[in-house]
Amino acid sequence: MAGVAARRAVLEILDRVWEGAPLDEAIAKTRPFEHLEGPDRGFARLLATQTLRRRGALDHLIGEFLDRPLPKKSARVMDILRIAAAQLLILETPAHAAVSTSVELANERGETQGYAKLINAIARKIGEAGKEALEKIPARTDTPSWMWRAWERQFGPVVAKAIAEAHRETPPLDLTFKPGEDVEAWIARFKEAGLDARPLAMGGARLPLVSDVTALPGFEDGAWWVQDAAASLPVKLLGDIAGKVVFDLCAAPGGKTLQLAAAGARVTAVDKSGARMERVSENLARTKLTADIVEDDALRFKPAEKADAILLDAPCTATGTIRRHPDIPWSKGETALAALAELQSKMIDHALSLLKPGGLLVYCVCSLQREEGERQAKAALARHPEIERVPVTAAEIGGLDKAVTREGDMRTLPSMLAGEGEMDGFFAARLRLSA
Ligand SMILES: C[S@@+](CC[C@H](N)C(=O)[O-])C[C@H]1O[C@@H](n2cnc3c(N)ncnc32)[C@H](O)[C@@H]1O
């Protein structure tokens, strides 16, 4: 049974997330987390993830038991209540452990000591209310209102609700294999290892989420890499790229670089983050694939030779990946969206200037927001009479016809592959420069 140290580490992780750090980074930088033993680490990671995933609903429920809202300066009291509620209603932690550790945490600091009794009473009431109380709260409660309104406008209320419901689920682990690997044979090996693996229509395999992918069969051999089913689709839109000069303009951590290199392209991978580029180099080494690595700003990148094809997987709000990164609703606001949309259109313009006549640009983002997706494609076509859209077909993306828009772009949603583990939300447009 995890002790109070694991819960203390979760509070610190949450603090960092509220300051704007992505969850993975917050975990990596939290010292008390590092000092936990293996199972306690697993517990702390799960508790932080689930608290963030259901923060809206947990807050709503806590609010129902509070006579009056907590003062703003009592943020830590609210976090103690959040993690108590997540343990009681999601993790199924025994009530005595969830309640007593919460009271212990409250008693550790002067600022929270005065709330220990209140925390005790509310945590008990939440435990008594049980899971059903949480299940009754609509999924949209876990989505900030600006995001919810945008999805409702863009996809309609039914789909927006399905998206929010998909965000409640723990996502699976999707793997993309090197060409030539026998996916069925690998699936058989995963099954032998006790994992419920199955093939994906768009290629690759789907497994239940595991805590350590490096221990899976085939990791050391570099037979596969981790990549959500949706993230594997944009590269397919470049068609046959064997022997062609391809730029991967925002490349790190490199899932798509590996796909491009595995397809036989002469790849130049560009990213402005040196630290993230190290991950690309590690991934290339593990999979025995090659690409030129360039640490540069994609807006300034000036290659000696132009490209036959470019993949621009632009920085974005990443709202399509909330299942995997439940901190996003709380760390990305509308202000970030506007700034990113401006950067994306500049990146598209610069990418087009690096293409050979007749070359293809696939622009993609793991965002659900139309300002970063559909509107970027439309605006690029309006700004550049020298480009045309090459419509995406369902056959190119594993037969996923629902993901082909009327305009001919690709739009996947977290509510797709429903009941089979769903998928990330991605947008991709394929644009060709006139010859
Ligand atoms: C969506 S991620 C790319 C994911 C990657 N394509 C993959 O499949 O693994 C966006 C990347 O853009 C990079 N980035 C952000 N601004 C950039 C810029 N101005 N120039 C180059 N890279 C940039 C970030 O460092 C980040 O690695």
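Colleague: Leaving aside its neighbours within four places in sequence, with which residues is G254 in contact?

Modeller: The model is predicted, and contact here requires C-beta atoms, placed from the backbone, within 7 Å. G254 is found in the loop between β5 (245–248) and α14 (255–262). Once neighbours within four places in sequence are set aside, the contacts of G254 are A269, R279, V280 and N283.

Colleague: Is G254 buried or exposed?

Modeller: The criterion for a buried residue is 20 or more other C-beta atoms within 10 Å of its own. Because G254 has 28 C-beta neighbours inside 10 Å, this residue counts as buried.

Colleague: Which residues is G255 in contact with, leaving aside its neighbours within four places in sequence?

Modeller: G255 has its place in helix α14. With 20 other C-beta atoms within 10 Å, G255 is buried. Beyond four places in sequence, the contacts of G255 are W225, Q227 and A231.

Colleague: Which residues does UniProt place under the feature "binding site"?

Modeller: The feature comes from an unreviewed UniProt entry, and such annotations may be inferred rather than shown by experiment.

Colleague: Which residues are the closest to the ligand?

Modeller: The ligand is surrounded by 18 residues. Elements giving two or more residues to this shell are α14 and β6 (266–271). By class, the shell holds nine nonpolar, three polar and six charged residues. The closest are C250, K256, S273, A298 and D313.

Colleague: Which helix gives the largest share of the side of domain 1 that touches domain 3?

Modeller: The chain is divided into domain 1 (4–137), domain 2 (173–226) and domain 3 (233–433). Eight residues of domain 1 are in contact with five residues of domain 3. On the domain 1 side, the classes are four nonpolar, two polar and two charged residues. The largest share of that side, three residues, comes from helix α4 (residues 38–53).

Colleague: What distance separates the centres of domain 1 and domain 3?

Modeller: The centres of domain 1 and domain 3 are taken over C-alpha atoms. On that basis, their separation is 37 Å.

Colleague: What is the mean pLDDT of the chain?

Modeller: The model scores ipTM 0.99 and pTM 0.95. As for the chain, 100% of its residues reach a pLDDT of 70 or more. The mean pLDDT of the chain is 96.

Terms used
Residues numbered from 1 in each chain as written. Predicted model: local features only at pLDDT ≥ 70, side-chain atom pairs only at ≥ 80, totals over all residues. Helix = DSSP H or I, 4+ residues; strand = E, 2+ residues; numbered from the N terminus. Buried ≥ 20, exposed ≤ 12 C-beta atoms within 10 Å, placed from the backbone. Contact = placed C-beta atoms within 7 Å. pLDDT = per-residue confidence, 0-100. Domains from an automatic or database assignment. Nonpolar A, V, L, I, M, F, W, Y, C, P; charged D, E, K, R; others polar. Near = placed C-beta within 6 Å.
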